[in-house]
Amino acid sequence: MLNKIKSTESEAGNEISKASDLDALDNLRIKYLGRRGLIAELFKQVATTPDEDRPKVGFEVNSLKGKIEKLLNEKQSELLEKSFLSEEVVDLTLPGFKPPIGTKHPIIKTIDKICEIFLGLGFKIVEGPEVETEFYNFEALNIPLDHPSRDMFDTFYIKGEYLLRSHTSPVQIRFMENEKPPFKIVVPGKVYRPDAVDASHSFMFHQIEGLVVGDDVTFADLKGTLKIFIKEYFGEKVKMRFRPHYFPFTEPSAEVDISCIICGGLGCSVCGRKGWLEILGCGMVHPNVFRTVKYNSEKVTGYAFGMGVERIAMLKYGISDIRLFFENDMRFLGQFK
Amino acid sequence: MRVSYNWLKEHVRIRLKPKDLADRLTMAGLEVKSVEKKNGDLIFEIEVTSNRSDCLSIYGVAREIQGIFGFKLKPLKFGLLKNARLNKPLIKIEDRAGCSRYIGRIIDGVEVGPSPRWLVDKIEAAGLRPVNNIVDITNFCLLELGQPLHAFDCDRLKGGEIIVRRARKGEEITTIDNVKCRLDENMLVIADDARPVAIAGVIGGKDTEVTSSTKRILLESAYFDPPRIRRALKELGISTESSYRFERGIDLKAVPLASERAATLICDLAKAKAISQPADVGIKEHKQARINLRISKVNKVLGMDIATSKCKAILRQLQLKIRQKGKDLLEIKIPSFRKDLKEEIDLIEEIARIYGYEKVPETLSEIPIWGKGSQRSNDKIIEDLIRTTLIELGLNEVITYSLGSKDSFINKLNFNEGELLTIKNPLSSETEILRPSLLPGFLNVIAHNLNRKIFDIRIFELGKSYFSKVNGSPSEKSILAIALCGMRVKNWQKKEPVDIFDLKGIIEALFEKLRISRYEFVAKPLPLLSLAASSVIKVRGEDIGIFGKFGRVILDRHDIKHSIFISELDLKAIAPHIKGETRFSGLPKYPSVVRDVSLIVDEKIPNSEIINLIRRACGDLAVDIKPYDLYRGEQVPKGSKSILYSIEYRASDRTLTDEEVNILDGKLREVLAKALNAKIR
């Protein structure tokens, strides 16, 4: 038995020293130290040696195992060092075969994120046509012909009564014509206004509109809902304020400012040193709007709000030129993974 | 509007620092955009919303400050008019609907010259240009009281009468800005016996303007119907300080006030020798509106509890007269300057904004869910699924303009002008046409990127295209467009240009995700596309979109030298073919056997035909048939191709034996050889 241990040792020493590559060395490791290797075989035989020899033999086999392990490890280091100089080891600093990652347009990303918050608050997403009529875009929203309030909504006309909607509010009317309160909806979509294109103006942009109507919907509910939205979207620390304003289709109306997300309200170039950023318009649905869709304006109340998606995306992502959204430069889009 | 702080102080006692005044005005609805120091004064730039024409003057803003803060408004004090001994002018209002009231005064012996310093300062503080004392005084009254005035050179008026009437078709007037305007019957004019001498409420005529040689003037103060003024100025494309106020509506009660104010100043500053009594034609006041207000309604709308006494105090401060009609019910009398207060809700807003929006609590409505139906529409669900699938497949979403230029659609893309929807009032050539397709926008995106040396472009867009319905009315449809260009992005070591099958694979993957089956790509020459690769996509025989490669002529016009593969799908046509969630069909119980068949056939026989033949020959037992090698070249005869198919056979109720499969395979080979005249290997 001891002889056998000796011969195994010399044979292993010999073979390991001759191993020429890592593959061969792995084979030897399996041959000697593997689950069915020679050492395992010797251990099995230890069990059958006479009692008086067993401790000694056991010790020898154990020490042989140690020696072989050491030899293998030494040889491995030696071969590894050598092979780094050859081509055998891959250069893992080379790039992987990366599958392409597509990107959602930042405007859609912003719309989805905003809608997600309102879905969580129990709103439904509703959409409407971009090609609209005078009635839905103006008259039904309490914006009569020959009234200066129309100046707020410069509009592209197509032909006859048809136009490209200048806000998403017409969808309010379309929805209310077909549904009965109570309901809570948000309406994302494209809108158009004949504005000369520059860094902050575009003739095409996106809005998200909200409308809630029911028996006891209040101005306080409007404030509460928008507060949740603003904290969820812009962060817990952001402050909100309601400023009285005028929109023909809401009364009372307000513009909503948030404390500047860049300077925290101290005043910077983004907020025009005011510390506040205007982000949306809102108010209680005007009774004339309810009258148009034949709701009982004595019984139901409602609130509506609307925001410009580009403005919010520009603030959120720090984009200073609105034209970037529609140029679709791959280096721009690629940043919104 | 530019408001001088010093001037404001002449009308109201302000007990706030200017900065605080600005902030608090903003928070009460009169937004102060900026405050600018100028010559010892502060100029507030105030945004007056279109409903608040009463704030379009210094006095109006002072009155609003009183309403908001309760500061004391100072009474208006004018000097006394002397020498009112001339005859009144003759004034006739032919169009009563267009002009409710017209006050005219003759002032004689005026000395036209420069205005004194204090007047020049006020005019300049408001951002206007001083002209001469007469014009400056009319502007001063406009700025102070919000009442536009006009002064005519009386000696240049023909005949003895001033007439307010509709313009006659074809009449013309040259304005004081030297612009010749053609008038129509919808416009209101001030005329003498011979011709129009002013476009009412908008601008005066050159012929009768006050000049340095003017001695006798006619001073006009009037009320014109706002929609009429607005229509005229939209038609003429003119906007003046006067028209801005008239179209928003002025205070009928300010008409005599401003007339008197201006007359006194003219007597004083232009050393007039004599003046007439005013000729005052039309109605003296509009019926005063009364609105019922329920305190319970105030609190129902606002969602809070403001005490009745507080509501009444606010209304009183706003110069509204209150009559208590019941415990909860007040009748409110509206003063003539607050035309914006028309019904109960308007008063509720007044209470809310003066009380302070910041004091309204923040609550959540008790409406638990959205209402009927699902939270997302089916169309929305499909769009979202398409979007996520294409992004997973490595495409970048783009948004391109829905409008484009005639040049790009007609000259560069061969669209027929008659079929395009056009914008009546395009802002520039870039907004002339409503796009009939998303592909032109894609060409722009691709050209933009190629010009910046970005060659690998994989894009899609979900957007609308526009068309005329059969009845001629414009309409829109939802479109998915996809384009590929540049290199295949799988492996940086092996760069290969993308080809048509990259795009086809994307569409196949999308259809798999949408569970659309039985679609086919049917070759068909289409505009914009290259004959070499141009097809329609059909699902169950119905056209749902187009697919192919941009034609070279089109590319050349956009200066693009790369191949671009594109597809455009009609989402409405696709929708009915999308299947809902499937039920799990179980895993196969028995093993399958795969056999290959290799054939040499005429090059023109398409894969689809061979696969259909195999399917028919093998029946249901062939569960999967796919080509896996295609060869053209020296090893096969010219005009032929060698193509290899692998066919997977499986039965659902037993393990197929070798003999069974051999029989099927043998039969298949026979069928293929015969039907396709193929050489089987």
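1. A word on terms before the helix pair in point 4: axes are lines fitted to C-alpha atoms, for helices over the stretch in contact, and angles run from 0 to 180 degrees between N-to-C directions. This is a predicted model, where local features need pLDDT of at least 70 and side-chain atom pairs count only at pLDDT 80 or more, while totals for chains, interfaces and linings use all residues. Residues are numbered from 1 along each chain as its sequence is written, and chains are lettered from A and ligands numbered from 1 in the order in which they are written.

2. Chain A holds twelve helices and ten strands (DSSP runs numbered from the N terminus: H or I of at least four residues for helices, E of at least two for strands). Its radius of gyration is 38 Å, well over the 20 Å from the globule rule for 337 residues, so chain A is more spread out than a compact globule (taken over C-alpha atoms; the rule is 2.2 Å times the number of residues to the power 0.38). The C-alpha trace spans about 115 × 45 × 45 Å along its principal axes.

3. The domain assignment, automatic or from a database, gives domain 1 (2-85) and domain 2 (106-333) in chain A. Their centres, over C-alpha atoms, are 78 Å apart.

4. How do α5 (residues 106-120) and α10 (residues 309-317) of chain A pack? Their axes lie 9 Å apart at an angle of about 100°, and the two helices are therefore roughly perpendicular (65 to 115 degrees).

Definitions and conventions
Angles under 35 degrees count as roughly parallel, over 145 as roughly antiparallel, 65 to 115 as roughly perpendicular and the rest as oblique.
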